[in-house]
Number of protein chains: 2
Amino acid sequence: MSHSPSQTTLLRAVRIVLCSTTHPGNIGAAARAMKTMGIRDLALVSPRFFPHEDATTRATSASDVLDQAQVFTSLEDALKGCHFVVGLTSRRRDLSHDMVSLRESTLKAAHVITQHAAVFPNEDPHHLPRAAFVFGTEMSGLSNEELDLCSLLANVPTDPDFASLNLGSAVQVTCYELRQAFLGDQPVQPYFQPLARHEDIEALFVHLERALTQTQFLNPQKPKKLMERLRRLLTRKRLEQEEVSLLRGLLKSFERTLAQRTHQADNSDQS
Amino acid sequence: MSHSPSQTTLLRAVRIVLCSTTHPGNIGAAARAMKTMGIRDLALVSPRFFPHEDATTRATSASDVLDQAQVFTSLEDALKGCHFVVGLTSRRRDLSHDMVSLRESTLKAAHVITQHAAVFPNEDPHHLPRAAFVFGTEMSGLSNEELDLCSLLANVPTDPDFASLNLGSAVQVTCYELRQAFLGDQPVQPYFQPLARHEDIEALFVHLERALTQTQFLNPQKPKKLMERLRRLLTRKRLEQEEVSLLRGLLKSFERTLAQRTHQADNSDQS
């Protein structure tokens with residue numbers, strides 16, 4: 001019996017399509033960008049040079065993505081079997097297309113595929129709806145004919161004064177957003193330390209107040225808001241058990257030193 | 001009188017710090033990546049080669065960012081004047097640091113700076129708190145000593161099986177997330193067309209029903225759910241005024257052709 005495909009498997013239902021790429025190095029950079037984000041399906045439409053050593057060099061260890069890349073002579077062929085086609089473009093034009101942000105387009109793609117997988121949990125992952133993200137040639141982007149084959153246009157937000165996003169960078173940012181859209185903003189393995197118990201924190205403040213009264217930093221007659229401010233400082237983030245022990249140890253060392261000095265001072269007075 | 005700084009100005013309070021970069025081409029790629037996202041403040045700590053023609057070549061038109069880059073001999077110097085320091089790292093280790101996702105770290109940075117600007121709207125933008133995002137050397141990332149100078153560690157989510165994110169790509173994705181964090185997911189200039197009015201849509205369905213009855217695609221005695229399904233199909237997205245006109249024109253052309261053919265058929269029957 002097949003399992004419901006994981007989100008990582010769903011990400012495999014994304015195809016990156018590069019149209020008429022001029023510099024083979026950019027194909028390699030795209031392959032590497034895809035693989036870092038767990039996307040493997042690369043389609044090339046009429047690349048100027050491919051295969052090419054510049055592509056292989058830039059791909060580094062992602063050359064398997066290049067090896068498995070499919071080459072087509074038309075975008076229409078590259079889109080066969082795709083259900084949701086997003087064209088990346090920086091141009092704003094009077095096209096009868098919806099144009100959304102990159103983030104919105106990746107969320108839509110993830111929604112379409114994830115929803116399908118939720119309704120048909122036992123379906124073969126190869127039968128999932130496929131989403132294609134289509135990138136045009138370096139100098140001029142997607143042609144009008146290519147844009148017409150897309151169901152949605154998406155734009156990577158850039159500084160309007162310098163929108164010169166390299167093809168490899170555009171693919172990198174897109175694949176990053178796709179990973180985020182499919183997997184969510186995964187919490188990083190958190191740094192974990194047991195938190196201090198309430199009573200230990202309160203004992204710390206009692207200790208602190210006693211120590212500060214001894215050093216006369218705190219005048220019990222005119223306490224101002226000293227203890228409140230220290231309490232705010234120390235509890236702004238939850239105190240860990242070890243941190244409370246550390247602070248208690250520090251206070252003890254002060255008190256001990258203070259006691260020794262007092263003792264020495266008394267002795268020297270007597271001598 | 002000074003104006004409250006815009007979100008674009010706030011983004012200028014971000015510094016990108018590259019430590020011990022080996023390949024000058026990566027410095028150029030980072031400069032270009034920064035500028036596409038509206039970030040200009042680049043600090044270089046002990047770069048192996050800088051200035052260097054590879055940096056200039058990869059920066060393309062972002063060479064102004066390189067020209068203004070400051071070079072330091074220690075990370076500590078590069079962080080002077082910074083209030084919030086994020087170290088980018090792929091390693092998970094037993095450090096007493098919080099480690100969060102890239103997105104979370106950029107949202108925190110944007111929050112700190114935006115909140116300050118909201119409380120002090122007339123402050124000189126140069127006095128805003130500065131956030132530094134620190135990247136280590138290509139092969140091994142940030143050293144333990146460098147990590148200790150960071151207040152937060154962040155991780156770019158990648159495929160655990162292939163986390164080989166190029167330095168330029170890491171800077172690109174980080175600057176993209178910073179722009180998103182500061183400016184929000186800006187809606188793209190929407191494609192706008194006036195929507196159809198309710199009465200026009202209803203008239204369309206009356207017209208459609210009449211036409212389909214003529215072609216006998218719709219049998220008024222056994223309508224099944226045909227009209228409901230067509231209604232669902234056509235109103236899934238809000239119909240535009242022009243689309244309703246288009247469909248009405250199409251139906252009229254069918255009806256006209258049908259009338260002509262009927263007329264011809266009648267004539268041929270008679271002849």
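Reply: A salt bridge here is a side-chain nitrogen of Lys or Arg within 4 Å of a carboxyl oxygen of Asp or Glu. By this rule the count is 22 salt bridges over all chains. This is a predicted model: local features need pLDDT of at least 70, side-chain atom pairs count only at pLDDT 80 or more, and totals for chains, interfaces and linings use all residues. Residues are numbered from 1 along each chain as its sequence is written, chains are lettered from A and ligands numbered from 1 in the order in which they are written, and side-chain values use heavy atoms, with hydrogens and water left out.

Start in chain A. D64(A) and K35(A) pair through their side chains in a salt bridge, 3.1 Å from N to O. D64(A) sits in helix α4 (residues 63-68) of chain A and K35(A) in helix α2 (residues 24-36) of chain A, so the pair ties together parts that are 29 residues apart in sequence. Helices (H or I, at least four residues) and strands (E, at least two) are DSSP runs, numbered from the N terminus. K35(A) is buried, at a relative accessible area of 9%. D64(A) is partly exposed, at 23%. Buried means under 20% relative accessible area, exposed over 50%, and partly exposed in between (1.4 Å probe, protein chains only).

What does K35(A) contact, leaving aside its neighbours within four places in sequence? The list is R40(A), S61(A), A62(A), D64(A), V65(A), D159(B) and F162(B). Contact means heavy atoms within 4.5 Å.

P24(A) also lies in helix α2 of chain A. P24(A) is buried, with a relative accessible area of 7%. Beyond four places in sequence, P24(A) is in contact with F49(A), H52(A), D54(A) and A55(A).

Now chain B. The side chains of R15(B) and D41(B) form a salt bridge of 3.0 Å, N to O. This pair links distant parts of the chain: R15(B) is in strand β1 (residues 14-19) of chain B and D41(B) in strand β2 (residues 41-45) of chain B, 26 residues apart. R15(B) is buried, at 8% relative accessible area. D41(B) is buried too, at 13%.

In chain A, D41(A) lies in strand β2 (residues 41-45). D41(A) counts as buried, at 14% relative accessibility. A polar contact of 2.7 Å joins the side chains of D41(A) and R130(A). A polar contact is a pair of N or O atoms within 3.5 Å; within protein, one must be able to donate a hydrogen and the other to accept it, and residues adjacent in sequence count only if both atoms are side-chain atoms. Not counting residues up to four places away in sequence, D41(A) touches V14(A), R15(A), I16(A), M34(A), Q70(A) and R130(A).

Back in chain B, K80(B) bridges to D77(B), the closest N and O atoms being 3.2 Å apart. K80(B) counts as exposed, at 59% relative accessibility. D77(B) is partly exposed, at 31%. Elsewhere, salt bridges that share partners join R103(A), E177(A), R103(B) and E177(B) into one network.

That brings us to the interface. Between chain B and chain A the rule finds 2 salt bridges. In one of them, R103(A) pairs with E177(B), with the closest N and O atoms 3.0 Å apart. There are also 14 residue pairs in polar contact between chain B and chain A, both residues at pLDDT 80 or more. On the side of chain B that touches chain A, the elements giving two or more residues are α2 (24-36), β5 (99-101), α6 (102-119) and α8 (167-183) of chain B. The largest share, 7 residues, comes from α8(B). The contact takes 42 residues from chain B and 42 residues from chain A.
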